[in-house]
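This report describes selected helices, strands and contacts of one protein model. The structure is shown first, and the description follows.

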Amino acid sequence: MPRRTAYAVLAALAAVVVLVSTAIFIGVGNSDGSIDTAAGKPRSSAAPASAGTWVGTWSTSAAAAEPNTLRGYAGMSIRNVVHTSVGGSQARIQLSNFYSARPLTITHASLALAAAPSNPTAAAGTMRRLTFAERAWVTIPPGQAVTSDPVRLDIPAAADLLVTTYTPRASGSVTYHPHARQTSYLARGDRTEDTAGAAYTEQSPYWRYLTAVDVFSREAQGTVVVIGDSITDGITSTAGANHRWTDFLAQRLRTEPGAPRYSVLNSGISGNRVLSDGTQVPPNNPSALSRFRRDVLSRTGVKAVVVELGVNDILRTPHQTDSDAIVAGLRRLTEQAHARGLRVIGATLAPFYGHRGYTPQLDAVRQQVNTEIRAGKVFDDVVDFDQALRDPMYPIRLRPSYDSGDHLHPSDEGYRAMARALDLQTLKGGAAAAL
């Protein structure tokens, strides 16, 4: 072969190697904003050389369009405060525009550790500017989500993070989670990288746009996602204290010997049902069946799923009084998880005697659902919240010390009892072949 031809062949081969290597390094982004880690690592010059894995450390479920926000929050900085379940050496965030008919443009975003719990001031030396595909700005189409590039930051477990976004112009209805049980903040103007919190004079009980935070962890081996209703949302837990039952579960997974080293993601929406969506288009409070892929299957590093749902199908109007229909819906959730090789632990429905919606007929539906769940034909394993929370002297009601006062939602101690009731070993292993 002539020397010139040989050089040309070698150059072509080198170009192919570069293209293949680049494709492997960049990875694939999904339309829901998640990153397909099976296709390769996310694009980042900060990718570590040592072993580790991406897991979700925090998430929330987009529940609806925030009322009276047709112009969004133009010219304002939104500083969301969120609490990690595990730590890591890098982080990335997901922003969602699910409930707007207009594109959302974020021109400035940042991530920092909070200097103190629930405080808008950043800890010294932790402020990081976020980029999206190596740009400082991003436009999110209606109904879509995006994931940021990773940034290096040593993030502890059980720490508060500040995730701040700035939108310069009107962007349509704001995608939000209304029952955060956490105070976040707003400021006039672009205060995205302010380390001091003085400009953040407006407080808010909502999370806006932000729906997930992932970390690169050398300790956590995966993620457990909990999909549920207001009981998982922690609607009656002490605000700012991180006393949802999922917070207590995360603490157990971090500290107990022999526990699987999983992070915990909370995908609870208050009022959520298995079968029925809310009104509006797109539906506010989408059913578990319609949001399962978005809020569970697309999360990072998922190894197991916990399902705490069904009571709102019974209590909310129109009442679902066919227990078989509820059980069939729960089975479909399990089937979706099994298609991804995920293990599913399902919860029995806790008592609600004394609640304004209680009737003996509706309670009979709850107990019929529980009978099917306990029979082992719905989920891979069961966590018996009914048994953990009920009053031993009067089993159709909550134990008084576990009752928040509305006779449906637990108190902080009730949420702690829920976390204790879950056998951590049931989170291990793969999905059952058939139920």
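The buried residues of α4 are covered by elements that include β19 (222-228), β20 (262-268), β21 (302-308) and α6. Contact here means heavy atoms within 4.5 Å. Helices (H or I, at least four residues) and strands (E, at least two) are DSSP runs, numbered from the N terminus.

The model is predicted: local features need pLDDT of at least 70, side-chain atom pairs count only at pLDDT 80 or more, and totals for chains, interfaces and linings use all residues. Residues are numbered from 1 along each chain as its sequence is written, and side-chain values use heavy atoms, with hydrogens and water left out.

Buried means under 20% relative accessible area, exposed over 50%, and partly exposed in between (1.4 Å probe, protein chains only). The buried residues of α4 are A288, L289, R291, F292, R294, D295, V296 and L297.

Axes are lines fitted to C-alpha atoms, for helices over the stretch in contact, and angles run from 0 to 180 degrees between N-to-C directions. Angles under 35 degrees count as roughly parallel, over 145 as roughly antiparallel, 65 to 115 as roughly perpendicular and the rest as oblique. The crossing of α4 with α6 is right-handed. A crossing is left-handed if the near helix is turned anticlockwise from the far one by less than a right angle, and right-handed if clockwise.

On the α4 side, A288, L289, F292, R293 and L297 meet G329, R332, L333, Q336 and A337 of α6. The residues of this contact divide into six nonpolar, two polar and two charged. Ala, Val, Leu, Ile, Met, Phe, Trp, Tyr, Cys and Pro count as nonpolar, Asp, Glu, Lys and Arg as charged, and the others, Gly among them, as polar.

**The parallel sheet**

An open sheet of five strands has the order β20-β19-β21-β22-β23, with parallel pairing. Its edge strands, β20 and β23 (381-383), each pair on one side only. From one strand to the next, the twist averages 25°. Two strands pair if DSSP finds at least two bridges between them. Within the sheet, β21 and β22 (residues 343-347) are joined in the parallel sense by four bridges, and G346 in β22 is the bridge partner of V307. Helix α4 packs on this sheet, where it touches β19, β20 and β21, and its direction makes about 155° with that of β19.

The axes of α3 (residues 245-255) and α9 come within 8 Å and cross at roughly 45°. These two helices are therefore oblique to each other, and their crossing is right-handed. W245, F248, L249 and R252 of α3 meet D412, Y415, R416, M418, A419 and R420 of α9. By class, this contact has six nonpolar, no polar and four charged residues.

A431 lies in the segment after α9 (412-421). Its relative accessibility is 29%, so A431 counts as partly exposed. Leaving out residues up to four places away in sequence, A431 touches H338, G341, L342, R343 and D380. A431 and T334 are 97 residues apart in sequence, with 9.1 Å between them in space, C-alpha to C-alpha.

**Antiparallel pairings**

| Strand pair | Bridges |
|---|---|
| β4 and β14 (residues 175-177) | two bridges |
| β24 (residues 390-391) and β25 (residues 394-398) | two bridges |
| β3 (residues 53-59) and β18 | six bridges |
| β6 (residues 88-96) and β18 | six bridges |

Strand β18 (residues 210-217) has eight of its eight residues buried, so it is largely enclosed by the rest of the structure. In β18, A212 stands opposite S59, and L210 stands opposite L95.

β4 and β14 belong to an open sheet of three strands in the order β4-β14-β17, with antiparallel pairing. β4 (64-65) and β17 (207-208) stand at the edges with a single partner strand each, so one side of each has no neighbour in the sheet. A65 stands opposite T175 in β14.

β24 and β25 form a hairpin with two residues between them, and R390 stands opposite L398 in β25.
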